[in-house]
Amino acid sequence: MSATGSIQSPAQTGPVLAGGPFVHLDGALHASYRTSDFASAVRFLDRVAEAADAAGHHPDVELGYGTVSFRLRSHDLGGVTERDLRLALQIQMLANELGADGVAVTPARYDVAIDCTDADVIRPFWRVGLGYVESPADGDIDLVDPKGHGPRVWFQHMDIARTDRNRIHLDVYVPVDDAEERVRAIVEAGGTLLTDEHAPEWWVLADVEGNELCVCTSSY
């Protein structure tokens, strides 16, 4: 593992996390575990909380009946660092001790993309309609759910408005290792691969009526 303060890519974290449930996607490490009941899930989470307090680095957590899910990210640096890797390995060690089983769940992020000629004009409509807030993104402004549940909405600039296709499409972000299989499964389900020109960053597919879906990956 490299310096604590440097952002890690999925290619770097993959060998460290191999064999465990943690998956690197969209600048974070994700994992879910199953226990025998709610009380055992709470005990597992209590042990993780102790380790996180000792490390001074805390995960985002979802607790359910016999399930605990973790999301690790160094928010101050905007991605995965050695701190997250160390905590992920500690969580796995505690899971082994307490008999918590890793759950094979592929994490994903969903975005809604809207083609437009002037994002500044239409953005307020979508912001107010969805109850979202503005979020700076690579020189643009996206819309995000303040509760953190709904998909991000971003605006794709078009010099000339398109009238020959649906002007709203969905993006799904999946781990790099799962992307090609997702594309194959979509084609088998009746989809058409429109282009893989930009793979492995993204593939563009469409259903039988021409509605588009992009399967995307993230480099960090």
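Which helix gives the largest share of the lining of the second largest pocket? Hold that thought for a moment.

Okay, quick background. This is a predicted model, where local features need pLDDT of at least 70, side-chain atom pairs count only at pLDDT 80 or more, and totals for chains, interfaces and linings use all residues. Residues are numbered from 1 along each chain as its sequence is written, and side-chain values use heavy atoms, with hydrogens and water left out.

So, the whole protein: five helices and 13 strands. Those are DSSP runs, numbered from the N terminus: helices are H or I with at least four residues, strands are E with at least two. Of the 220 residues, 38% count as buried, meaning under 20% relative accessible area with a 1.4 Å probe, protein chains only.

Back to my question. It's H1, with five residues of that lining. A pocket here is an open set of points on a 1 Å grid over the protein atoms alone, where a 1.4 Å probe fits, with protein on both sides within 12 Å along at least five of seven lines; lining residues have an atom within 4 Å of a point. This one is lined by 23 residues, and Phe22, Val23, His24, Pro175 and Asp177 lie nearest its centre. Helix H1 (10–17), strand S1 (23–25) and helix H5 (176–188) each give two or more residues.

Last stop, helix H4, residues 119–130. Just after H4, Gly131 takes a positive phi of about 70°.

Notes
Buried means under 20% relative accessible area, exposed over 50%, partly exposed in between (1.4 Å probe, protein chains only).
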